[in-house]
Amino acid sequence: MSEPLNTKPERILKDDAPWIKPLYVECFGKEDPWLERIADSKYEAFQVNKQAFIFTYIVGDQTDLLTLGVNKNTRKQGLATKLINWVIDRAPLGQKIFLDVECQNTAAINLYKKIGFESISIRKGYYQQDDGTALDALVMAYKKSA
Ligand SMILES: CC(C)(COP(=O)(O)OP(=O)(O)OC[C@H]1O[C@@H](n2cnc3c(N)ncnc32)[C@H](O)[C@@H]1OP(=O)(O)O)[C@@H](O)C(=O)NCCC(=O)NCCS
C-alpha cells in the first residue's frame, strides 16, 4: 500500500461500507449515520487509503463539515489536515465552511484552529448521550479567501 500522505483523496462510495463502518465505530464508538446519504449529490465524502474519511454537506456558499475520522494507527501524521485542505481546495472563493465539535475534543479543536477555523459559538447540551447527559458543542467556521 502506498504512503497515505502521498495518496490523493478518493471519493467515498456506498461500496466502502465494509471498511468505513468499523472505522467509524473505532473513531466515535457508534454506528455511522452518513454513508447511506451519499447518493444525495449535496453530500461529498472522501477517504485516504481507507485510513481516514471526511463527510461534507454543501448547499450554495456553505459547506458543513459533518464528520472526520482517522484510523488510530495513522493519527498525528497529517491525514486529517490533508482531507480538510482537500475540501477547502475544492471550494470556490468565498465559501464558508462550518463544523461543530465536542468542547472537550482537544485534538480536533487544535486541528481546526491550526487550519484556520475560528470559534463562533457554543451550543449547550448539543450532543445527547445514551446515559441521558449531554455535551456542549463548539461551532467553528472558516471562510475561503484568496
Ligand atoms: C481529530 C483527528 C481527526 C485528528 O486526525 P490526525 O490525522 O491525527 O490529525 P493531523 O495529523 O492532521 O493533526 C494536525 C494537528 O491537529 C492537532 N492534533 C491532532 N491530534 C492531536 C492530539 N492527539 N492532541 C492534540 N492536538 C492534536 C495538532 O495541532 C496537529 O498538528 P501537529 O501534528 O503539528 O501537532 C483524529 O484524532 C481522530 O480521528 N479522532 C477521533 C474522531 C474525531 O474526534 N473526529 C473529529 C470530530 S469533530
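Leaving aside its neighbours within four places in sequence, which residues is Phe-53 in contact with? They are Ile-12, Ile-20, Leu-23, Ala-45, Gln-47 and Gly-69. Welcome to this structure, which is a predicted model. Its protein chain has three helices and seven strands, and here is a short tour.

**Overall layout**
- Starting from the N terminus, the elements of the protein chain follow the order β-α-β-β-β-α-β-α-β-β.
- A compact globule of 146 residues would have a radius of gyration near 15 Å, and the protein chain agrees because its own value is 15 Å.
- Taken along the principal axes, the box filled by the C-alpha atoms of the protein chain is roughly 45 × 40 × 30 Å.
- Among contacts in the protein chain with a separation of 6 or more, 57% come from residues 24 or more positions apart.
- Buried residues make up 23% of the 146 in the protein chain.

- In soluble globular proteins, nonpolar side chains tend to be buried together.
- The largest nonpolar core here has 27 residues, and the members that touch the most others are Ala-52, Phe-53, Ile-54, Ala-80 and Leu-83.
- At least two residues of this core come from each of α1 (17-28), β2 (43-48), β3 (52-59), β4, α2, β5 (96-102) and β7 (134-143).
- The biggest share of this core belongs to α2, with five residues.

**A closer look at α2**
- The twelve residues of α2 should span 16 Å at 1.5 Å a residue, and this agrees with its end C-alpha atoms, which are 17 Å apart.
- Leu-79, Ala-80, Lys-82, Leu-83, Ile-84 and Val-87 are the buried residues of α2.
- These buried residues of α2 pack against β2, β3, β4 and α3.

**Around the ligand**
- The ligand is surrounded by 19 residues, and the closest are Arg-75, Ala-80, Thr-81, Ala-107 and Leu-111.
- Two or more residues of this shell come from each of β4 (62-70), α2 (79-90) and α3 (106-115).
- With six residues, α3 gives the most to the shell around the ligand.
- By type, the shell around the ligand holds nine nonpolar, seven polar and three charged residues.

**A residue in a loop**
- Arg-37 sits in the loop between α1 and β2.
- Arg-37 counts as partly exposed because 13 other C-beta atoms lie within 10 Å.
- Arg-37 and Ala-52 are 15 residues apart along the chain, and their C-alpha atoms are separated by 18 Å.

Conventions:
Residues are numbered from 1 along each chain as its sequence is written. This is a predicted model: local features need pLDDT of at least 70, side-chain atom pairs count only at pLDDT 80 or more; totals for chains, interfaces and linings use all residues. A residue is near a molecule or strand if its C-beta atom, placed from the backbone, lies within 6 Å of it. Helices (H or I, at least four residues) and strands (E, at least two) are DSSP runs, numbered from the N terminus. Ala, Val, Leu, Ile, Met, Phe, Trp, Tyr, Cys and Pro count as nonpolar, Asp, Glu, Lys and Arg as charged, and the others, Gly among them, as polar. A nonpolar core is a set of buried Ala, Val, Leu, Ile, Met, Phe, Trp, Tyr and Cys residues joined through C-beta atoms within 7 Å. A residue is buried if 20 or more other C-beta atoms lie within 10 Å of its own, exposed if 12 or fewer, and partly exposed in between; C-beta atoms are placed from the backbone. Two residues are in contact if their C-beta atoms, placed from the backbone, lie within 7 Å. The expected span of a helix is 1.5 Å times one less than its number of residues. The radius of gyration is taken over C-alpha atoms; the globule rule is 2.2 Å times the number of residues to the power 0.38.
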